[in-house]
Amino acid sequence: MARKECSFCNTREKENNPFIAGNNAYICSNCVTSAFKILFGEEESSSEQVENQTLLIPKEIHRMLNDYVIGQDEAKKTLAVAVYNHYKRIFKHTQDNDTSIEKSNILLIGPTGSGKTLLAQTIARFLDVPIAISDATNLTEAGYVGEDVENILTKLLQAAGDDVQKAERGIIFIDEMDKIARMGENRSITRDVSGEGVQQALLKIIEGSVVNIPPKGGRKHPNQDFLQIDTSNILFICGGAFDGVEEIIQRRLGANQLGFGQTKRSSKDNEKVMHLIESDDLVQFGIIPELIGRLHVTATLEPITLEDMIRILVEPKNSIIKQYQKLFEIDNALLIFEESALKAVAQKAIKRKTGARGLRSIMEEALLDIMYELPELAGYDVIITEDVINDGVKPLYIKNSKTA
């Protein structure tokens, strides 16, 4: 018996995609739906929507980032220009025979908790584009146990509500890129599952190509239906701490001292040279030249200072302090932090070297017992002092004058 295949897309018949039979031909329900959209103008209206897309200019993007990300002004400016140019290329550029504008992917370099992921998430939210976030250490090249590199595209498609056209204009953020650096500049004789092999696998999707992906994710296997995703207009933002690259930069700059007079450089000296990073430094670190060549824009993020950490606690629109205050308001209680308490939280986060992402766990530890009693604190002002953060003592409970 002949195998049933759609005469348009060659897919096989399934329960969720039944066929309509014709004269020695078949058409699946997905193709019928697509044809209906084309005939009755739904595709045209979608295209018009893309054409009329309103773009935020770099200053607007920078201003929007300031509401949610503290500090990192230079990185925000670099990112704002790169993102604006990327979407201007998609929505406003008319292709001609003389000039073809290639996309510019972005590499964010900064210590843990400095805001790399937050920058990407904030931009995606305000541009109303889907975003997929993945950790490079979880990825493997095809054929090994782990997550296929192409599964990142499946995550993006799911974030786009299975809208392929929307996914093809989305953002993919790949963190921990420094963790897949090859060991040294010499290529290994054996296949490197988690390092260079993953970098090679990333090349294809980052540079822009049509990739077949399983609709529901997982491994590819024969007799499986695939969806095609064109990555040419997907913005890739890669991030990593790249600990140790400062030494490479220092050597290139001739800052090493030899002999008995050698002095050890401080961490502040290393921080000062990060903005001088070049492609060759990353190649020496262990990122293959082909991948570096596809990450055209590099932005470096500074380590978070104590002052910045305190600002992160209170200033952003969705700051951690505001979130906990909202939780207390729901139970008709008022949460108040003294300045010394905020400083104590910031000092703990810096001591743990977890950056801003460690702030929430510190707050949970300090407020656990208080939140356990929170339903019974209606009508009270709960004042958090330095001793509450450092020594776990009880906060000050003051009856609110409005309810007294």
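**Close-up 1. Helices H4 and H5 cross at roughly 40°.** In this predicted model, the axes of helix H4 (residues 73-91) and helix H5 (residues 116-127) come within 12 Å. Angles from 65 to 115 degrees count as roughly perpendicular and those under 35 as roughly parallel. H4 and H5 are therefore oblique to each other. Their crossing is right-handed.

**Close-up 2. Residues of H4 meet residues of H5.** H4 brings Lys-76, Leu-79, Val-83 and Tyr-87 to the contact. From H5 come Leu-119, Ile-123 and Leu-127. Six of the contact residues are nonpolar and one is charged. No polar residue takes part.

**Close-up 3. Three strands form an open sheet.** The strand order is E12-E13-E14, and the pairing is mixed. Strand E12 (334-337) and strand E14 (396-399) are the edge strands. Each of these two pairs on one side only. From one strand to the next, the twist averages 25°.

**Close-up 4. E12 pairs with strand E13 in the parallel sense.** Strand E13 spans residues 380-384, and four bridges link E13 to E12. Which residue in E13 is the bridge partner of Leu-334? The partner is Asp-381.

**Close-up 5. E12 has a covered face and an uncovered one.** In a regular strand, side chains alternate between the two faces of the sheet. Leu-335 and Phe-337 make up the covered face of E12. Leu-334 and Ile-336 make up the uncovered face.

Definitions and conventions. Residues numbered from 1 in each chain as written. Predicted model: local features only at pLDDT ≥ 70, side-chain atom pairs only at ≥ 80, totals over all residues. Heavy atoms only, no water. Pairing = 2+ DSSP bridges. Axes fitted to C-alpha atoms, helices over the stretch in contact; angles between N-to-C directions. Buried < 20%, exposed > 50% of the residue type's maximum accessible area, 1.4 Å probe, protein only. Parallel < 35°, antiparallel > 145°, perpendicular 65-115°, else oblique. Left-handed = near helix turned anticlockwise from the far one by under 90°. Contact = heavy atoms within 4.5 Å. Nonpolar A, V, L, I, M, F, W, Y, C, P; charged D, E, K, R; others polar.
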